[in-house]
Amino acid sequence: MNKIPPFDASQQYQQIGDRLNKAALEVLASGQYIGGQTVSQFETEFANYIGSAIDSNFGIACNSGTDALYLAMRALDIGEGDEVITSPFTFFASAETISMTGAKPVFVDIEAHSFNMNIELIEAAITSRTKAIMPVHLFGRSADMTGLMAIAQKHNLYVIEDCAQATGATFDGQKVGNIGDVGCFSFYPTKNLGGCGDGGMMTTKNAEVANKLRILREHGSPKRYYHECIGMNSRLDALQAALLQVKLPYLDKWNAQRREISDRYTHLLKDANISHLVSPHHCSGSVWNQYTVCIGDGKRDYVQAQLREQNIITMIYYPLPLHLQSVYSNLGYKKGDFPVTEYICDRVLSLPMFPELSDEQQDRVVDTLKNILK
Ligand SMILES: *Cc1c(COP(=O)(O)O)cnc(C)c1O
């Protein structure tokens, strides 16, 4: 049996390889490898995609989604003595970047049916030190931004959106990354808009914040060799910008294909012995970076191993919540603090999901899974 991978980055190259080759060769011949027109064009195109041309949205490219989060908080003057509220059920970078600024991550439990932060629990976590909330639009699905923005406004907090897994996702018709103060995106190859290496982007409607972000990503330097703050070297290569520029016009099509695949999974798995599926009515604007099911009774790892025997590769995002990571033992959390997150971490299994996944492949995943669960 052929292998069914969780994600297949080479498929996009098979579709549009000629265009990618041409764009890459143009950059190679141009001699302009850092900065320049290709990068600024891509920044404008991406900002227009997330906002709209009339919105005067700014796009500031950087080296990764991780850097985007870090730089966003630096631009908002978040640091030592501050607290930032985020989800314990996310990739480590969400909390790691809070710590990198010197601030303290404060976690809030998630809702089982959306895997995102439970808005009703946020207010209890706010203290006089809280500076910002960082919602994570996990697996492609937006957090409840209406509820979250209302809390942020009431308490005068910044909102930094972790959009790494949700490029193109919407909440109430509005693209994520265009709702809070800064939207942070990743172009890691497995994300919805994936480059051929590392890359990231920040979006904001605030011209002053945009300017700070540009300075911070380039050694705190508004003008070459003049430095007004401690920044870093976090630029998007011209080569990556050129490749992403080719890919951006295909993003909506690829996201629509992901949506079809997820609908088909939901339909085919209706009568499977799966303890819990994310309720589809919470997913209308999702771009399905992952399709994640929950398998109870302590059987998840067994099911994953059995699927692997049949050459079907699944992933566990994420096995250990952030509040229980050894590096954060100093934050004083303990097992039992976030029961929904801990319950979910023991059960989640992400099935193969990429726009080119064929019906035959999907049928094999579903049939094999159902057989194992029988
Ligand atoms: C991938 C990811 C990041 C980090 O992005 P990189 O480009 O890999 O640095 C941050 N947050 C979440 C939720 C992610 O999935």
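**Helix contacts, and what lies beside them**

A: Start with a pair of helices. Helices here are DSSP runs of H or I of at least four residues, strands are E runs of at least two, and both are numbered from the N terminus. The model is predicted: local features need pLDDT of at least 70, side-chain atom pairs count only at pLDDT 80 or more, and totals for chains, interfaces and linings use all residues. Residues are numbered from 1 along each chain as its sequence is written, and side-chain values use heavy atoms, with hydrogens and water left out.

Helix α1 covers residues 10-30, and helix α8 covers residues 238-247. They pack at an angle of about 140°, with their axes 9 Å apart (axes are lines fitted to C-alpha atoms over the stretch in contact, and angles run from 0 to 180 degrees between N-to-C directions). α1 and α8 are therefore oblique to each other (under 35 degrees is roughly parallel, over 145 roughly antiparallel, 65 to 115 roughly perpendicular, and the rest oblique). From α1, the contact takes in Q12, I16, R19, L20, A23, A24, V27 and L28. From α8 come A238, L239, A242, L243, V246 and K247 (contact means heavy atoms within 4.5 Å). By class, this contact of α1 with α8 has eleven nonpolar, one polar and two charged residues (Ala, Val, Leu, Ile, Met, Phe, Trp, Tyr, Cys and Pro are nonpolar; Asp, Glu, Lys and Arg are charged; the others, Gly among them, are polar).

Next come α10 and helix α12, residues 359-373. Their angle is about 130°, and their axes lie 10 Å apart. α10 and α12 are therefore oblique to each other. Their crossing is right-handed. Y302, V303, Q306 and L307 of α10 meet V365, T368, L369, I372 and L373 of α12. The contact of α10 with α12 has seven nonpolar and two polar residues, and no charged ones.

Now the third pair. Helix α3 (residues 65-75) packs on helix α4 (residues 93-100) at an angle of about 40°, with axes 9 Å apart. That makes α3 oblique to α4. The crossing of α3 and α4 is right-handed. On the α3 side sit T66, L69, Y70 and M73. On the α4 side sit A93, S94, E96, T97, I98 and M100. The residues of this contact of α3 with α4 divide into six nonpolar, three polar and one charged.

Helices α3 and α4 turn up again at the largest pocket. Its lining has 24 residues, and F91, Q165, Y188, K191 and Y318 lie nearest its centre. The elements that give two or more residues to this lining are α3 and α4. The largest share, three residues, comes from α3. The lining of the largest pocket has ten nonpolar, eleven polar and three charged residues. The volume of the largest pocket is about 420 Å³ (a pocket is an open set of points on a 1 Å grid, with protein on both sides within 12 Å along at least five of seven lines; a cavity is a set where a 1.4 Å probe fits but cannot get out; lining residues have an atom within 4 Å of a point).

Y318 is found in the loop between α10 (300-309) and α11 (339-345). A cis peptide bond joins Y317 and Y318, with omega about 5°. Most peptide bonds are trans.

The largest cavity has a volume of about 80 Å³.

Last, return to α3. D77 is found in the loop between α3 and β2 (83-86). D77 is not a glycine, yet its phi is positive, about 60°.

Conventions:
A crossing is left-handed if the near helix is turned anticlockwise from the far one by less than a right angle, and right-handed if clockwise. Grid points are joined across faces, edges and corners, and a volume is the space filled by probe spheres set on the points.
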